[in-house]
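Take a look at the model below.

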Amino acid sequence: FFFNDTATTEIYTEQIVGSVRCVQETDPQKPVHQQGNHEHEMGEVIVHAFIETIEFVLGSVSNTASYLRLWALSLAHAQLAEVFYSMTIESAIESGNIISIPIAIVAFIICLLYTSPSPRDS
């Protein structure tokens with residue numbers, strides 16, 4: 001490491017040397033981690049790390065599943081909107097009936113008003 005400050009270099013050197021000594025003297029029954037007044041054995045640390053890893057993986061899978069559900073809901077909504085359009089407005093326009101076109105447009109506007117969020121909701 002290249003540091004301009006010699007005190008910083010000495011601190012990092014002591015930390016590296018201490019870490020190497022700790023790895024060389026590791027005993028599975030010997031406490032390896034102190035947190036406050038509690039000492040933890042190597043087995044406890046490994047089990048805790050394993051549990052944390054499992055929690056992380058499960059959280060990632062859960063988040064992915066949530067996004068997939070949202071994507072499926074979005075696709076279903078788009079498909080329903082297309083079916084609604086084709087069954088009401090498009091069929092009324094294609095029929096050419098002068099009475100069915102305004103009725104379909106009024107039905108569409110009523111449906112739009114009831115399904116759209118009001119400004120109070122946002």
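Which residues line the largest pocket? The model is a predicted one. In it, the lining consists of His77, Leu80, Ala81, Phe84, Phe108, Cys111, Leu112 and Thr115. Two elements, helix 2 (42–95) and helix 3, each give two or more residues to this lining. The pocket has a volume of about 260 Å³. Its lining has six nonpolar residues and two polar ones.

Now turn to the surface. A nonpolar patch is formed there by Phe84, Ile105, Phe108, Ile109, Leu112 and Leu113. Together these residues have about 530 Å² of accessible area. Which element gives the most to the nonpolar patch? That is helix 3, residues 100–115, with five residues. Phe84, Phe108 and Leu112 are among the patch residues, and these three are also among those that line the largest pocket.

Leu113 deserves a separate look. This patch member sits in helix 3. Is Leu113 buried or exposed? Leu113 is exposed, because its relative accessible area is 64% and the cut-off for exposed is over 50%.

Step back to the whole chain. The protein has three helices and two strands. Along the sequence they follow the pattern α-β-β-α-α. How many of the residues count as buried? The figure is 2% of the 122 residues. The protein exposes about 10,900 Å². Carbon and sulfur atoms supply 66% of that area.

How values were computed: Residues are numbered from 1 along each chain as its sequence is written. This is a predicted model: local features need pLDDT of at least 70, side-chain atom pairs count only at pLDDT 80 or more; totals for chains, interfaces and linings use all residues. Side-chain values use heavy atoms; hydrogens and water are left out. Helices (H or I, at least four residues) and strands (E, at least two) are DSSP runs, numbered from the N terminus. Buried means under 20% relative accessible area, exposed over 50%, partly exposed in between (1.4 Å probe, protein chains only). Accessible areas come from the Shrake-Rupley method with a 1.4 Å probe; for residues, only the protein chains shown count as cover. Patches are made of residues with over 30% relative accessible area and no salt bridge: like charges are joined within 9 Å, nonpolar side chains (Val, Leu, Ile, Met, Phe, Trp, Tyr) within 5 Å. A salt bridge is a side-chain nitrogen of Lys or Arg within 4 Å of a carboxyl oxygen of Asp or Glu. On a 1 Å grid over the protein atoms alone, a cavity is a set of points where a 1.4 Å probe fits but cannot get out, and a pocket is an open set with protein on both sides within 12 Å along at least five of seven lines; lining residues have an atom within 4 Å of a point. Grid points are joined across faces, edges and corners, and a volume is the space filled by probe spheres set on the points. Ala, Val, Leu, Ile, Met, Phe, Trp, Tyr, Cys and Pro count as nonpolar, Asp, Glu, Lys and Arg as charged, and the others, Gly among them, as polar.
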